[in-house]
Amino acid sequence: MNITEAKKALQKAQKIAVLTGAGMSTESGLPDFRSNEGLYNPLTADMTFHVKMFRTYPERFYSAIKPFYEQCVNTSPNAGHLALAELERQGKSVFIATQTVDRLHQKAGSSIVNELYGTIDTVNCRTCKRHFKASDFAEFFATGKVPYCPICGKILKPDLVLFGERLPSEPLEKTRLAFMGADIVMVLGASLRASPVNTLPGYRFKETPLFIINHAPTQYDEVAEFVSHEKIGDILPQLIGVA
Ligand SMILES: [Zn+2]
């Protein structure tokens, strides 16, 4: 369908399930720490942010994550994030599953955000199992120093899914259910290469339209009802009728 038809279909839909990836945030100028365009050496990034690196050299890990953390805190939502939040204000049920960890969907005002790869917003102690606000340890992130648990004194870990770690099952399960119950499924800024995220669009019902906006083609383009390789911040506001 063309953009006018896609816009009409979206107007009729009540339940929208959305998967967003790194491309959602790169339009805000924020690099993805997993694909590491710009911020980190792509040859070593998967080791720098590997869970073994964190366990073996936490000082180096925190020193390496400092610029990414700073950028997340200082970055604002873009037109794409704001359009999704607007869709919710129009009275629709908007479920967002995201591969991003930067909280930009929440900053934009979206209320249902399912973080598949965790979040920069909290840290956890793997010994006493408590979670803390990362902002309570802001001076550690700002200086690249290792934060310690105020209860038991062990090293705190960001609530991010690092290389070498499995994605938590609960957000994935919620996303599969949301995709099954959706009137429209949208994929925004996700290249759909990494497993198990690349299986998620397959959970929608056959008659449920799939919309994809991503800078590069994906393996689902052929079966999608609407595909654009333009910027999310340009196309999504047009679809939602706020441009
Ligand atoms: Zn602890």
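**Overall form and fold**

Q: What radius of gyration does the chain have, beside that of a compact globule with 243 residues?
A: In this predicted model, the size rule for a compact globule of 243 residues gives a radius of gyration near 18 Å. The C-alpha trace spans about 55 × 35 × 30 Å along its principal axes. The value for the chain agrees with the rule for a globule, as the chain has 18 Å.

Q: What percentage of the 243 residues in the chain is buried?
A: The chain has 10 helices and 9 strands, and residues 24 or more positions apart account for 66% of its contacts with a separation of 6 or more. A residue counts as buried when its relative accessible area is under 20%, and the buried share of the 243 residues is 52%.

Q: In what order do the 3 strands of the open antiparallel sheet lie?
A: The edge strands are strand 5 (131-133) and strand 6 (156-160), each of which pairs on one side only. Strand 4, residues 118-125, pairs with strand 5 in the antiparallel sense over 3 bridges. The order in this open sheet is therefore 5-4-6.

Q: Which residue in strand 5 is the bridge partner of Val-123?
A: Strand 4 covers residues 118-125 and pairs with strand 5 over 3 bridges, in the antiparallel sense. Within strand 5, the bridge partner of Val-123 is Phe-132.

Q: Which helix packs on the sheet, touching strand 4 and strand 6?
A: The sheet has the strand order 5-4-6, and its twist averages 40° from one strand to the next. The helix that packs on it makes an angle of about 45° with the direction of strand 6, and it spans residues 58-74, which identifies helix 5.

**Salt bridges**

Q: How far apart are the closest N and O atoms of Glu-70 and Lys-66?
A: Both residues, Glu-70 and Lys-66, lie in helix 5, 4 residues apart, or about one turn of the helix. Glu-70 is partly exposed at a relative accessible area of 32%, and Lys-66 is likewise counted as partly exposed, at 26%. They form a salt bridge, with the closest N and O atoms at 3.7 Å.

Q: Is Arg-89 buried or exposed?
A: Arg-89 lies in helix 6 (residues 79-89) together with Glu-86, 3 residues apart, and the two form a salt bridge with closest N and O atoms 3.3 Å apart. Glu-86 has a relative accessible area of 24% and is partly exposed. For Arg-89 the relative accessible area is 56%, and it is therefore classed as exposed.

Q: Which residue in strand 3 stands opposite Thr-98?
A: Strand 2 pairs in the parallel sense with strand 1 (residues 15-20) over 6 bridges, where Ala-17 has Phe-95 of strand 2 as its bridge partner. Strand 2 also pairs in the parallel sense with strand 3 (residues 113-115), over 3 bridges, and 5 of the 6 residues in strand 2 are buried. The residue of strand 3 that stands opposite Thr-98 is Glu-115.

Q: How far apart in space are Ser-110 and Phe-95, C-alpha to C-alpha?
A: Ser-110 lies in the loop between helix 7 and strand 3, and at 6% relative accessibility it counts as buried. Leaving out residues up to four places away in sequence, Ser-110 touches Leu-84, Ala-85, Glu-88, Ile-96 and His-105. Ser-110 and Phe-95 are 15 residues apart in sequence, and their C-alpha to C-alpha distance is 8.8 Å.

How values were computed
Residues are numbered from 1 along each chain as its sequence is written. This is a predicted model: local features need pLDDT of at least 70, side-chain atom pairs count only at pLDDT 80 or more; totals for chains, interfaces and linings use all residues. Side-chain values use heavy atoms; hydrogens and water are left out. Two strands pair if DSSP finds at least two bridges between them. Helices (H or I, at least four residues) and strands (E, at least two) are DSSP runs, numbered from the N terminus. Axes are lines fitted to C-alpha atoms, for helices over the stretch in contact, and angles run from 0 to 180 degrees between N-to-C directions. Contact means heavy atoms within 4.5 Å. The radius of gyration is taken over C-alpha atoms; the globule rule is 2.2 Å times the number of residues to the power 0.38. Buried means under 20% relative accessible area, exposed over 50%, partly exposed in between (1.4 Å probe, protein chains only). A salt bridge is a side-chain nitrogen of Lys or Arg within 4 Å of a carboxyl oxygen of Asp or Glu.
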